Amino acid sequence: MTPSDHIALPQQLRKTVHPHRFMMWLSMASIVMLFAGFTSAYIVKHADTNVWESVELPSLFWVSTTLILASSISIFFAVRAFHRNNVKAYRNLLALTFVLGFGFLLSQWMAWQEMLVISQLGIGDKVAADFLYVISGAHFLHAAGGVVAMGFLFFLALRHYRTPEDALMLNLHPEKVPGIELVATYWHFVDALWLYLFIFFIANT
Amino acid sequence: MANAAISKPASHVHAEDHHHEEHHHEQGFISKYIFSTDHKTIAKQFLITGIIWAILGGALSVLFRIQLGYPDADLTWMKPILGRWLDEGGHILPEFYNALITMHGTILVFFVLTAGLSGTFSNLLIPLQLGARDMASGFINMLSYWFFFLSGAVMLASFFVPTGAASGGWTMYPPLSALAQSNEGSGFGTDLWITSIALFIVSVLLGGLNYVTTVINLRTKGMSIFRMPLTIWAFLFTAIIALLSFPALLAAGVLLLFDRGMGTSFFLSEIYTGGEALANAGGSPILYQHLFWFLGHPEVYIIILPAMGIVSEVLSVNSRKPVFGYKAMIYSIFAITVLSFLVWAHHMFVTGLNPFLGSIFVIFTLLIAIPSAIKVFNWIVTLYKGNIRFTPAMLFAIGFVALFIVGGLTGIFLGNSALDIDLHDTYFVVAHFHLVMGVAAFFGTFAGVYHWFPKMYGRYLNRTLGYIHFWITIVAAYLIFFPMHFMIGLPRRYPSHENFQFADMFGELNSFISLVAIISFAAQLLFVFNFFYSIFRGRKVRELNPWGATTLEWTTPIHPQHGNWPGEIPHVHRWPYDYGVNGREFIPQDEPEPGFVPEPEPVHRDPQNDQV
Amino acid sequence: MTGFLIFLIIALIVVVMFQVTKTLDMVSELRADEKEEERHAVTQGRLMIAFLVLGLVGFFWTFGAYQSKLFPQSASVHGELLKNLFFWTLLITGVVFVITNILLFVFAYQYRWKNNRKAEHISHNNTLEFIWTAIPALVLTFLVVLGLRAWYQITGEESEDALVFEVTGQQFFWSSRYPGPDGVLGLRDYNLISAENPLGIATPEFIDHKRVDLLIRLRDLKQREAALPELIAAAQDIIDHNPNPYPVDSAKVTLKALLKEQKELPGLQNRTRAHYKRIVEKFTPEYLASAEVAPLIKAGYDDFMPSELHLPVDREVVARITALDVLHDFYIPYMSVKMDAVPGIPTRFKFTPTITTEEMREILKDNPEWQRIDEGATEPRWKNFIYEVACAELCGKGHNSMRYLLDVDTEEEYSAWLGQQTAFFDLQKESLVKWENAEYAEFEKAYVFIDAGGHGDDHGGDNHDNDHSGEEQHSAASASIAH
C-alpha cells in the first residue's frame, strides 16, 4: 500500500477494530454475496429445469480440498510465528503456505482437465458441469488473488524482515495491521468458501 | 502529504502558505489532481466525470426524443457524428434507437446517479462531516475512481464498435443480449457493456468498502452514531446496499458472458433463431432477471438514498430548523434498506411468476411506501415554522420532495401486481421511474452541488443562474413526465407508435414532450456552464460557515488541505441539528455544552517514538 | 463550413454567458446587504405559489384533456376489475398528492425568510409520527387486499371448458395455433421448425421432413466445402495475375468472404449434424409410442394456424404463450392482457373477452379521438377498429412492428369462422418430403454418422457467429464470382 494509507486514527478509537481489518471483513461479505448469487442460481436451475443431469465431481477436488485445508493451517502458524517475532519460522511457513496455495490452484486446474478429458464434459454440454466450471473458476480467481498476495508478502519478508528486530518493529506499529494478518484472514475465508462450495456440490450431485 | 499534515499539526498552522507551496513542489500536478488519494479531490473527480457522462447521456435522450417527437425530422446534417445509424432520409434507425435508450439508461443509472452522486458526496462528506482526516484507505479510494474511469472508457469505446453499442435495454435481458444473430448490438458491443459494468462493480465495491469502514471506524471523538448527520446515515446504508447487491449483478454478467461466448445454457433454452435451432437446453431467461433485479431494485435505493440524505440536510440548514423526526428518518432509511432486498421480483410480475410468490412481493413492495411516506411527511414538517432561505440548493431540495411525492405515489400503482399487468413496460413506468429516481435523484444531486460547492472550490455558484436552472428544470420535469402517465397503455422502447391504431394518437403530445426535453437539456447546459465558470471565476467564499450550518465540514478552512483540519480534529458535543435552541440561531456540533469540562488528554503514544 | 459555423455560435454563446454571469456576480456583490435574503424570499416564494396553483390546475386539466385518449371501457372481465382497482388507487394517491403538495409549497411560502423571524425548534412529535405511519399502513392494506383479490382471480385456474389457443412470438411477428376439434394442442418441438412447419409441430411426417431437410442441407454444405478451394484459387488467380484494378478489387472482397465461409463451414456442419442427432435421439419410435406423447402427436394433426386471432365473446379463454427466439410479451391493450413469451418456458394467461369487435366500434363512435379521419383514409377511425396485439418486451429492431389482430366474435360468427379453418397438417402434407421415397438413409450414413463417437465439438462454441445461413452465402458467393 502507499504511504498515504498510513492513516491517523482518532485516539479514542484505537482499541476498536482497525479499518483495514474491517474493510477485509466487508469485502468478504461482498464476496459471499457473489457466491450466494451463483449458488442460488444453481439451486433455482436445479429445481426447475427438466433437463438437469447431475455430473460427477472430479476426484481431484478432494486433493484440492486437502491442500487448501493444509494451507489454512500453515498460514495460521505463520501468523503465530510472526507475532512471536520468529522471522525464520515465519518465512518458512509463509513459503509453505504459498506452495500449498499454489498447489491448490494447480490441482483445481487439473480437476478441470479431468472433467474435460476424462469425463468428456466440455463447457456447454451439461448445465451442472457448466456451473461447476463457473463457480470453481470464480473461486479460483479469488484464491489466485490470495496466492499472489502471499507471494508478495514472501518477497517482502525476504527483503525487509530479516531480523527479529524488524519483526518487532512491525508488530509494535500501532497504526498498521500487518499484511500477513489480512492475508491470513482472507485465506481462511477463501478456504471456508471452498469448503462451502465443495459441500454444496456434493450435496447437489 | 497526509503524513506531513497529520504529524506536524503545529507547523502546519503557523506556516500554512509555506506549507501549501511546499506541497506543490513535492507532489506535482499528477499526484495532486490525477492520482490523488485526497478524498476531496476524488469527490471532485467523480463529480466532474459524472457531469460529463450526464451531458452525454442527456444528449442521447435528446436524439431519441427527436425520433419520438419529430419522426420526420431530417438529421442528415448529423451524418458526420451518427454515420451509418441514419437511414437515407436522415432518420434514426430502429437498431440505433435501441442502442440510444440502452446507453441512456446505463449511463444515467450507473455512471451518473450511482458514481456521480454517491461517489461525489460520500467521498466529500463522510470524512468532513465525521471528523476524519481522510477515508480509511486513500489508495483504495483512488482505485475506486480509476476503475470507474476505466469502466467509462470501455463503455465509450462500445459506441465505436462496427455492430454498434449494446442495444438490449439497460437490463440486458437474454436471450436478446446473449445472441448476436438476434440483435446487432448484441455483438461485441454487449461484450464491452458487460466488461464495463464489471469494472464499474469493482469501483462501486471498492468505494463502498471505504465508505462503510470510514463511518464505522473513523469518527471523531464524541461523534456517536446518533450524532451523525442524516447525510452520513444515507451514505452508510447506500454503501451497505451496494456491497451486498452489486455482486449479484456480477454473477449475472459472468453467466451471461459464458452463454454468449462459451456455448453454455444458463439463460438459454430451445431457441430457434437465424434459421437454426440452437443446441442450448435447460436454461432460463427468467433466472437472469432474478439475478439482475436482485441488484436492480436495490440499485434504485442506491440512487435515491444519498439524494434523500442530502435533501434532509439541506432542508434543515436552510429552514434553520432541525430535521423533523431525526430518529424516524434513520429508522425509515434502515427499513428501506432491508426491504430493498425483498422486493426485486416486482419487476417480474408478468413473466409467469408463481402467483403466490408474486403476492409476497406485492406486500413487501407496498410496505416500502410506509417508510417513504414517513420521510416525505417529515420533510414537509421540517419546513413548518421555519425561516426558509431560498438558496438554489433549498429550491432543489423542495423540488426533490415534490417529485418524490409524485413518483412515490405512482409506485403504489405499479407495486400492485394486478395493476402491473396493465402498466408493465408502458410509458406509465417510464414516467414513474424517471420522476422518482431519475429527476428526483438529479434534484438531490443539484441540491448537494449548490450547497457544498463553496466547500469544494471556495467559491459560490451563481445564484441567479441557479434560480433559472431550477425553475426551468422543475417545470420541464412535470411537463415531460406528467402527461406520460396518460400514455397509459403505450408500450415503451418503441421507436415509433404508428404501426398501432391504439397507440398512434399521441403524436402531438410526443412532439410537445420532446420540445420541453430539449429545452430542459439546454437548461442543464446552463448549469454546466455555471459550474465550470464558478470554479474559476465564481464569487469567493469569505466566511468559514456561509450557510450557518452546524456540521463539522464548515469548521475546516475555506480551502482545506489534505488532512482537512490544520490543527486537531474538532470534537463533537451535540447532535447535528441544534438550530434555534438556547436562544441561539444555531450551535455548531463542536461547541461544548455549557459547563463542559474536557477530560484530561490521555498521554499520546507517538508511533514514531515507539519504533525507535 | 457548417461545423465551423456551429463552433462559432457555441463560442459566442459561451462568451456572452461568461459576461452575463460576471455581471450578475458583480451586481449581487454590490447589492449584498442584510435585505438580500428577504428579496429572494419574496420572489421565490411567489414563484412557489404560482407553481403550486398552475400545477394543480394543470393536474386537473390533464385528466379532462386526455380523457378521450384513454380507452373508454375494458373489453375483458378482469379488465373491469383492474379499472376499479386503478380508480381506487388513483383516488387515494390523488388526495395525498394534492394535500402534500399544497402543504409543501404553502409552508415554503408561509415561512419564507424574514430577517426578524425566528425559526422554532421542533425536533419531533411522536403522536404525529405515529399517526402518519398508521394511516398509510391502513390505506395500503386496503389497496393490497383489493389488489391481491384481483391478482388471484386473474392468475387462478381456468374452468374446465375454457377455450385454449396458443400464440407464439418471434422476431418480429406473432403467430397463433388453435387446437382444432379435439380441443387439445398437439406436441411441438423447436428442433422441427422448418419453412413448411414454422412452429415445429411434431408428427412423424414433420419429423421425417425435417430430417430430410437437414440431410439435404448437410449435403449442400459438403459440396460447398469441396467446391471452395477451387473458387478460392480462382479468386487468388485474378488477384495475382490480372493487371486490371477493377476485377482485383472485387476478387479481394470475394476472397475474403470465401475464406470466412471456409472457416465457418465445419462449425456449421457440426451444428447441423448435432441438430440432426438431437431429433433422432429424441423422437425414437418408443418415445412417439409412449403413453404421454402418443395422444399429443395425434392431437397435432387437426391443429390449425389462422392468420389472425378469433375469440368468442363472453367465454373464458386461455392463451398459451411461447416464443421462439428472444423474449416477447403478448399484450392486448384493450383487454388488460399482458404476459411474457419466454423461449423454452411456456406461460399462460386466462381472460374472458366481453365486447365483440362490432360492439366496440359502436362504443368508440362517440369518442372524438376515434371520430377523426386519418390521413389517406376515407372513413373515421372507429369504423376500422379491431383489437390489436402488440409486443411489450424489447425484442430487437422490429419490436414496434409486431402487430397482430384479434377479432372478438359472437358465438355464431365464431363457429362459422371455425368451420372455415383447415388443419395445418392438411395444408402442408402435399409439400412434405417423404423419407421412404429416396436415398436419405444413405445420406444419413454419409453425412451424419461419419464421426460416430466423436464428441466435444458438436455444439460449436460460436453459436452466435452464424448470422448468414449457409444457403444464402452459397448463392451470394457464387453470384459474385460469376461476374
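1. Phe172(C) sits in the loop between β1 (163–170) and β2 (173–177) of chain C, where strands, like helices, are DSSP runs numbered from the N terminus (H or I over at least four residues for helices, E over at least two for strands). The peptide bond leading from Gln171(C) into Phe172(C) is cis, with omega near -5°. A cis peptide bond also joins Pro174(B) and Pro175(B), with omega about 0°, and Pro175(B) belongs to the loop between α7 (138–157) and α8 (188–217) of chain B.

2. A word on conventions: this is a predicted model, in which local features need pLDDT of at least 70 and side-chain atom pairs count only at pLDDT 80 or more, while totals for chains, interfaces and linings use all residues. Residues are numbered from 1 along each chain as its sequence is written, and chains are lettered from A and ligands numbered from 1 in the order in which they are written.

3. Positive phi values deserve a look in chain B. Arg320(B), in the loop between α10 and α11 of chain B, has phi near 60°, a positive value in a residue other than glycine. Arg320(B) is buried because 23 other C-beta atoms lie within 10 Å, the cut-offs being 20 or more for buried, 12 or fewer for exposed and partly exposed in between, with C-beta atoms placed from the backbone. Asn564(B), in the loop between α17 and α18 of chain B, has phi near 70°, likewise positive in a residue other than glycine, and with 24 other C-beta atoms within 10 Å it is buried.

4. Helix α10 (residues 285–319) and helix α11 (residues 326–340) of chain B pack at an angle of about 170° with their axes 10 Å apart, where axes are lines fitted to C-alpha atoms, for helices over the stretch in contact, and angles run from 0 to 180 degrees between N-to-C directions. That makes α10(B) roughly antiparallel to α11(B), a label given to angles over 145 degrees, with under 35 counting as roughly parallel, 65 to 115 as roughly perpendicular and the rest as oblique. The contact, which requires C-beta atoms placed from the backbone to lie within 7 Å, is made by residues including Tyr301(B) and Leu305(B) of α10(B) and Ile333(B) and Ile336(B) of α11(B). By class it has six nonpolar, three polar and no charged residues, where Ala, Val, Leu, Ile, Met, Phe, Trp, Tyr, Cys and Pro count as nonpolar, Asp, Glu, Lys and Arg as charged, and the others, Gly among them, as polar.

5. Helix α15 (residues 427–457) and helix α16 (residues 463–484) of chain B have axes that come within 9 Å and cross at roughly 170°, and α15(B) and α16(B) are therefore roughly antiparallel to each other. Among the residues making the contact are Tyr427(B), His434(B) and Tyr450(B) of α15(B) and Gly466(B) and Phe481(B) of α16(B). The classes here are nine nonpolar, two polar and no charged residues.

6. Between chains B and C, 113 residues of chain B are in contact with 107 residues of chain C. On the chain B side, helix α12 (residues 355–383) gives the most, with 14 residues, and that side has 65 nonpolar, 34 polar and 14 charged residues.

7. Helix α4 (residues 126–155) of chain C has 30 residues and reaches 42 Å from its first C-alpha to its last, close to the 44 Å expected at 1.5 Å a residue, that expectation being 1.5 Å times one less than the number of residues. Its buried residues, including Trp132(C), Leu143(C), Trp151(C) and Ile154(C), pack against α12, α13 (392–415) and α14 (417–423) of chain B together with α3 (77–110) of chain C.

8. Chain A has six helices and zero strands, and buried residues make up 39% of its 205 residues. Helix α3 (residues 87–118) of chain A has 32 residues and reaches 45 Å, close to the 46 Å expected. Among the buried residues of α3(A) are Tyr90(A), Phe98(A), Phe104(A) and Met115(A), and the buried residues pack against α2 (60–83) and α4 (127–160) of chain A. Just after α3(A), Gln120(A) takes a positive phi of about 60°.

Note on methods:
Contact = placed C-beta atoms within 7 Å.
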